[in-house]
Amino acid sequence: MIIRKQERHSPSHVVPLANYYVLQGTIYQAPDLHHVLNSRLAGTLFHLQEALDKTLTMSRYDPNKGHYWSFDPPEPSKEEKLRSEPCSQFQKESIDKLMDILTKKYQHFMLRTGPVVTEQSNIKQETKDEPQR
């Protein structure tokens with residue numbers, strides 16, 4: 001449902017002021033063309049600026065070669081390397097200690113010998129042992 005707010009100057013002359021739309025019982029003001037274009041252009045310019053910044057980092061100049069492009073990725077900084085690691089050495093050691101403690105505490109649950117026998121495996125075993133006629 002769309003609602004239009006308008007100002008009437010005469011019976012035949014009407015000036016629209018704003019448009020509203022209703023979604024699930026909530027009334028929202030529809031943006032005007034200026035705001036829609038401004039938002040779309042800002043988003044486009046942001047991505048264009050990122051692309052330009054990235055291409056500028058790849059442009060190189062050497063007096064012997066002149067201008068050239070280097071597409072090798074730059075070395076990540078120390079901070080980026082730390083962020084990319086799943087955990088620190090301290091965390092690894094802590095987890096190893098916890099796993100060792102839990103393994104010692106609950107080792108009787110982990111020490112199972114032989115295969116686990118279920119009813120269906122017994123049924124299959126019995127049918128295999130019977131002689132065929």
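**View 1. Gln 24 sits out in the open in a loop.** Gln 24 is exposed because its relative accessible area is 84%, where exposed means over 50%, buried under 20% and partly exposed in between (1.4 Å probe, protein chains only). You'll find Gln 24 in the loop between β2 and β3. Its phi is near 50 degrees, a positive value in a residue other than glycine. For context, most residues other than glycine have a negative phi. This is a predicted model, so local features need pLDDT of at least 70, side-chain atom pairs need 80 or more, and totals for chains, interfaces and linings use all residues. Numbering starts at 1 along each chain as its sequence is written, and side-chain values use heavy atoms, with hydrogens and water left out.

**View 2. Three strands make an open sheet.** The order is β1-β2-β3, with antiparallel pairing; strands are DSSP runs of E, at least two residues, and helices are runs of H or I, at least four, all numbered from the N terminus. Strands count as paired if DSSP finds at least two bridges between them. β1 (2-8) and β3 (26-29) are at the edges with a single partner strand each, so one side of each has no neighbour in the sheet.

**View 3. β1 meets β2.** Seven bridges join β1 to β2 (residues 14-23), and the two run antiparallel. Zoom in on Glu 7 and its bridge partner in β2 is Val 15.

**View 4. Leu 48 on helix α1.** Leu 48 belongs to helix α1 (residues 33-58). Leu 48 counts as exposed because its relative accessibility is 52%.
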